[in-house]
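Open the model in your viewer and keep the selection tool ready. We will go from stop to stop, selecting a few residues each time.

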Amino acid sequence: MNDTPKFETLRLERSGRRLTITMNRPDVLNAFGGQMHREIVEAFAYARDDENSDVVVMTGEGRAFSAGGDIEGMARVMEDPALFDQEMDEAQALILTLLDIEKPVVARINGPAIGLGATIALFCDVSFAAESARIGDPHVSIGLVAGDGGAVIWPALIGLNRAKEFLLTGDILNAKVAAEIGLVNHVLPDSELDAAVDGFCERIVSGARPAIRGTKRLLNMELRRLAEALMAPGLVLEAETVRSEEHRARVEAFLAKSAKS
């Protein structure tokens with residue numbers, strides 16, 4: 001069955017009752033530009049309403065899950081901060097639409113999951129990470145508030161003070177440490193990642209559909225309430241830092257370093 005919608009930055013594929021959403025910008029490590037930001041909301045809405053799937057897998061093409069924000073896109077927003085303001089509703093819709101998918105969503109973390117990439121992976125219901133994967137939310141490293149969901153999901157998974165440590169420093173964690181602190185569910189040798197994801201998906205597809213979906217809906221009620229309460233003020237705070245000289249200096253330093261390498 002090849003009935004899935006077509007996107008420029010994402011690939012949707014169906015295998016039986018499993019729907020896979022692949023971020024498909026491997027040349028930039030699946031970093032988020034404006035178009036992928038828009039298309040992923042549409043893809044999540046499709047997954048939410050899709051009657052032909054019972055489990056959704058979220059992953060990235062190539063050697064990364066997602067490197068987070070596109071630094072060149074950040075530079076454009078820095079010059080015209082109104083672009084960020086225009087994306088704020090979209091950013092909130094991204095997380096809320098993901099949370100509204102009643103079927104289980106599995107994160108196949110095949111490589112680095114950074115910033116918004118980490119946020120999406122962690123908002124999935126069950127996560128499987130390759131040993132080579134790294135996970136972190138370094139918003140503060142480029143002078144930004146972690147307002148697009150990280151401040152919601154990290155405390156929910158690992159506790160408030162531990163989340164503060166990582167979100168206030170922007171530290172990047174290897175997969176083993178991420179699993180030890182409860183940030184991800186499972187870490188596998190890279191060669192065993194697909195088998196583990198496939199096995200879990202098969203269990204979900206063969207399970208009791210109404211019971212699984214109802215249980216997930218119940219489990220997500222509090223998380224969705226938190227997301228609704230925190231996303232709007234978080235994005236306002238991030239919008240303030242988008243306009244800051246600190247952010248400008250850090251983006252310009254990153255771009256200058258990239259040009260030399």
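Axes here are lines fitted to C-alpha atoms, for helices over the stretch in contact, and angles run from 0 to 180 degrees between N-to-C directions. Helices (H or I, at least four residues) and strands (E, at least two) are DSSP runs, numbered from the N terminus. This is a predicted model: local features need pLDDT of at least 70, side-chain atom pairs count only at pLDDT 80 or more, and totals for chains, interfaces and linings use all residues. Residues are numbered from 1 along each chain as its sequence is written, and side-chain values use heavy atoms, with hydrogens and water left out.

**Stop 1: H3 and H4**

Select residues 82-99, helix H3, and residues 116-123, helix H4. Their axes come within 10 Å and cross at roughly 20°. H3 and H4 are therefore roughly parallel to each other. Angles under 35 degrees count as roughly parallel, over 145 as roughly antiparallel, 65 to 115 as roughly perpendicular and the rest as oblique. The crossing of H3 and H4 is right-handed. A crossing is left-handed if the near helix is turned anticlockwise from the far one by less than a right angle, and right-handed if clockwise.

Which residues in H3 and H4 meet? Show Leu94, Ile95, Leu98 and Leu99 in H3, then Leu116, Thr119, Ile120 and Phe123 in H4. Contact means heavy atoms within 4.5 Å. By class, the contact of H3 with H4 has seven nonpolar residues, one polar and no charged ones. Ala, Val, Leu, Ile, Met, Phe, Trp, Tyr, Cys and Pro count as nonpolar, Asp, Glu, Lys and Arg as charged, and the others, Gly among them, as polar.

**Stop 2: H5 and H6**

Move on to helix H5 (residues 150-158) and helix H6 (residues 160-169). Their axes come within 7 Å and cross at roughly 135°. That makes H5 oblique to H6. The crossing of H5 with H6 is right-handed. On the H5 side, pick Gly150, Ala151, Trp154, Pro155 and Ile158. They meet Leu160, Arg162, Ala163, Phe166 and Leu167 in H6. This contact has eight nonpolar residues, one polar and one charged.

**Stop 3: H1 and what covers it**

Select helix H1, residues 34-49. At 1.5 Å a residue, its 16 residues should span 22 Å, and its end C-alpha atoms are 24 Å apart, which agrees. The expected span is 1.5 Å times one less than the number of residues.

Now colour Met36, His37, Glu39, Ile40, Val41, Ala43, Phe44 and Ala47, which are buried in H1. Buried means under 20% relative accessible area, exposed over 50%, and partly exposed in between (1.4 Å probe, protein chains only). An α-helix has 3.6 residues a turn, so residues three or four places apart point the same way. What covers the buried residues of H1? The cover includes strands E1 (10-15), E2 (18-23) and E3 (55-60), with H3 and H4.

**Stop 4: H2**

In helix H2 (residues 71-79), the buried residues are Ile71, Gly73, Met74, Ala75, Val77 and Met78. Their cover includes H3, helix H9 (209-242) and helix H10 (245-260).

**Stop 5: three strand residues**

Start with Arg11 in strand E1. Arg11 counts as partly exposed, at 28% relative accessibility. Leaving aside neighbours within four places in sequence, Arg11 contacts Thr20, Ile21, Thr22, Asn24 and Glu61.

Next, go to Thr59 in strand E3. Is Thr59 buried or exposed? At 5% relative accessibility, Thr59 counts as buried. Not counting residues up to four places away in sequence, Thr59 touches Thr20, Ile21, Thr22, Met23, Phe65, Arg108 and Asn110.

Then find Ile109 in strand E4 (residues 105-109). Ile109 is buried, with a relative accessible area of 0%. Beyond its neighbours within four places in sequence, its contacts include Phe65, Ala121, Phe128, Ile135, Val184 and Leu193.

**Stop 6: the loop between E2 and H1**

Most residues other than glycine have a negative phi, and most peptide bonds are trans. Select Leu29, in the loop between E2 and H1. Phi of Leu29 is positive, near 55°. Leu29 counts as partly exposed, at 26% relative accessibility. Now select Asn30, found in the loop between E2 and H1. Asn30 has a positive phi of about 60°, although it is not a glycine. At 0% relative accessibility, Asn30 counts as buried.
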